[in-house]
Amino acid sequence: MIPQSFIEELRMHSDIESVVSSYVQLKRRGRILVGLCPFHSEKTGSFTVYPESQSFYCFGCGAGGDVIGFIRRIENLEYVEAIKLLAQRAGMTVPEDAAEDRTAMLKTRILEMNREAARFYYDRLIEPAGEPALRYLLGRGLLPKTIKHFGLGYAPAQWSALTDMLAKKGFKYEEMEAACLARKGRNGGYYDVFRDRVMFPIIDLRGNVIGFGGRKMTGDGPKYYNSPDTPVFKKTKNLFALNFAKKNGKLPYLILCEGYMDVISMHQAGFTQAVASLGTSLTSDQCRLAAAYTDEAILAYDSDEAGQKATRRAIGLLDEAGIHSRVLSIPEAKDPDEFIKKFGGGKFKQLIEGSAGAVEYELGKIGAKYETDTPEGKIMALKEAVNLLAEMKNPLEREVWAAKLAADYGTTKEGILSQVTAKLRRKARAENQRTSPAAVRAAYSDIIPEKVKNPAAAAAEERLLGAMLRNPEAFGSLSGKISGSDFVCALYRRIYESAMNAAAMGYELSLSVFGEGFSLEEQNVIARLFTVARESHYTEADALDAAAAMKKLREKKTDEEIAGLSGNELSAYIEKIRREKSGK
C-alpha cells in the first residue's frame, strides 16, 4: 500500500490543470476551467476542473475525481500504474512496496511475454516453415525493410510452438492465457491462440507490444483474428501505427484506414500519418486519442457499401471529438493499398489533396439517394440534410450550407434554418433529460443499491458527508455522535470512515484520500459529493442535524425486521413509536 504522505506529495507536484490540459482543451471561466468531456461524447462542455481543490467533475456523465483518477481513466490504468506514471512525470520515485501490486505485476509479465512473442513470430518468418507467409507479404508489395520496421512475423502451424517457448523462458501457462496468447484445451493442456497466421504486432504509444493481429494462411477460422481485450490491451482505445505516426509531433492530418495492410502500404509509400482501428469500427475513444495529435482526419475506407457506412459513422464520431474530416474518393481501386500498387504514391497524394470535406461528401450521398427532380424526393433529401446540418457545431457553417442547399433545391435558406433550429431544440431537451441531476443519480443505483429502499436515510447520509466536506471542523463535533454502524449505505459508510481516519492522521481532506480501495465508479460518487458540497451552504450544524436524522432513521425498523419481532418486542416497539409521535 502506498503511504498517504507520498500521495499528498505527488498531488502537490501534479497540478491538475497542467495534467488535464495535455489531454483536454480547457477554457477558463473565472475560478474554474471547462472543456469537452474526454469520457463521453458531447457538444457542449460539461467537464469542469477545479484548480482550488485539484479535482474534476463532469456534469454530463458524472465522472469525477482527482488527478490520479483522471489519469486512471484517460490512460486506462490501475491505481498503482497511474501513480507511477504521474510520479515519472513529476520526477519522483514511488516507494518500493507499491511494486507488490498484483495487477501491475501481471501487466508487466504480459508485456514481457508479448515482446518475446513478437520476436518469436519475426524469427519464424525467415525460417523455411515461414516461407509461404514471407512470400505472401512480398507478394503484397512490401519491402524487407518495411517488414522489419513493423515487426511483421509468422505464427507456426504447430499447436504449441509459442507456448513451449514461453514456458522454457519461465512464463506460467496462466499468464499466457491472461495475455490471450494461449488457451486451455479439454485435456488440460495449453495451445497457441495464433497458428499459421501472418502476424501484425500492435504497439502502444510507449513502444510496448500490447497485442497482435493475425491473418490466416490456410485452414478454417476468420480471415483476420485480433487479440481480445487483456489487462494491457483495449482495442477500442488504441490505433494501429499511431506510435509511428506521432513521431512527427502535431500532425496536419491523420489518414484513417480500415486494415493493417492499407496502413503499412501507405507508410511504405511515404504517408506515415496513416493509422487504423483494430478489428472494430472506429470508436469515440479512438477519436479522442487521435484529437491529441491532429485537428483533421482523412477517411480512406474501402469504396464498397460497408466502407461507405463506416465513413458516415466515422464522420460523426470525429466531429464530436473536434476533428474536421475529409473523405477520400478512391477511383478504380477498392482500397488505398490497391490504388497505390496500381498508380503509385504520387497519384495517391493527388487524391489526398483533392479529398472532399465531410459535409460535401454527405450531402452528395443524400442527393444521390433520392429522386430530387420530384417534390417528394426533394422533401426527403432536405429532411435528411437538415439532420446533417443540425450536427454542425458552428452556426456560421450551418448558415453557409443552408444557403447552398436552398440554391440546389429551389427553396429558402430561412426555411431550412428554421427546421434546423427546431431539430436542435428537440436534441437539447433530450440531452438535458439524459444529463439531468436525476439521471446522473439514477446511474448510481448499482453503486449504492441501498438508496432504493432507504431514500431518506441515504439523503441524510449524503447531507452529513457534504457538510463534513464543506466544514472540516465538524469532524471533532461528530466524534462519538456517529459511527459507521449508523450508516445504511455501505459506500457512504466507507467514505465516512476513510474521512475520519484521514482527519485523525492530520491529512487534508481531499479526493486523494479516497484513492486506493475505491473503484472509479465509486470515485465518481465521491467527486459528486465534493462538487455539491463546494456549491452548497452547509454548516457544522447541518452535519449534526444530519447525524441526528441518521440515528433516528436507523432505529426505525424495516418490514422484515418487524415481522421477526416477538409479541413483547412488537408491543414495546409500537409503544416507542406512540411516545415519539406524542412528543413524550
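Mentor: Happy to! Contact here means heavy atoms within 4.5 Å. This is a predicted model, in which local features need pLDDT of at least 70 and side-chain atom pairs count only at pLDDT 80 or more, while totals for chains, interfaces and linings use all residues. Residues are numbered from 1 along each chain as its sequence is written, and side-chain values use heavy atoms, without hydrogens and water.

Let's start at Phe 240. Leaving out residues up to four places away in sequence, Phe 240 touches Phe 150, Pro 201, Ile 202, Tyr 260, Val 263, Ile 264, Ala 274, Val 275, Ala 276 and Leu 278. Phe 240 is also among the residues with the most contacts inside the largest nonpolar core, alongside Tyr 121, Leu 181, Phe 212, Ile 255, Met 266 and Phe 348. That core has 61 residues (buried Ala, Val, Leu, Ile, Met, Phe, Trp, Tyr and Cys joined through side-chain atoms within 4.5 Å; buried is under 20% relative accessible area, 1.4 Å probe, protein chains only). Helix H5, residues 102–125, gives the most to it, with 7 residues (helices are DSSP runs of H or I, at least four residues, and strands are E runs of at least two, numbered from the N terminus). A second, separate core of 34 residues includes Leu 469, Ala 499, Val 513 and Ala 546.

Now two helices: the axes of H11 (260–268) and H14 (336–353) come within 10 Å and cross at roughly 20 degrees (lines fitted to C-alpha atoms over the stretch in contact, with angles from 0 to 180 degrees between N-to-C directions). H11 is therefore roughly parallel to H14, a term for angles under 35 degrees. On the H11 side, Met 261, Asp 262, Ser 265 and Met 266 make the contact; H14 brings Pro 336, Asp 337, Ile 340, Lys 341 and Phe 348.

Look next at Thr 294, in the loop between helix H12 (284–291) and strand E14 (296–299). Thr 294 is buried, at 1% relative accessible area. Its side chain reaches the backbone oxygen of Leu 251 at 3.0 Å and the backbone nitrogen of Tyr 253 at 3.4 Å. Beyond four places in sequence, Thr 294 touches Lys 250, Leu 251, Pro 252, Tyr 253, Leu 254 and Ile 323.

Finally, Trp 401 sits in helix H17 (395–409) and is buried at 19%. Its contacts, setting aside neighbours within four places, are Val 359, Glu 360, Leu 363, Leu 389 and Met 392.

Note on methods. Buried < 20%, exposed > 50% of the residue type's maximum accessible area, 1.4 Å probe, protein only. Polar contact = N/O pair within 3.5 Å; in protein donor to acceptor, adjacent residues only side chain to side chain. Parallel < 35°, antiparallel > 145°, perpendicular 65-115°, else oblique.
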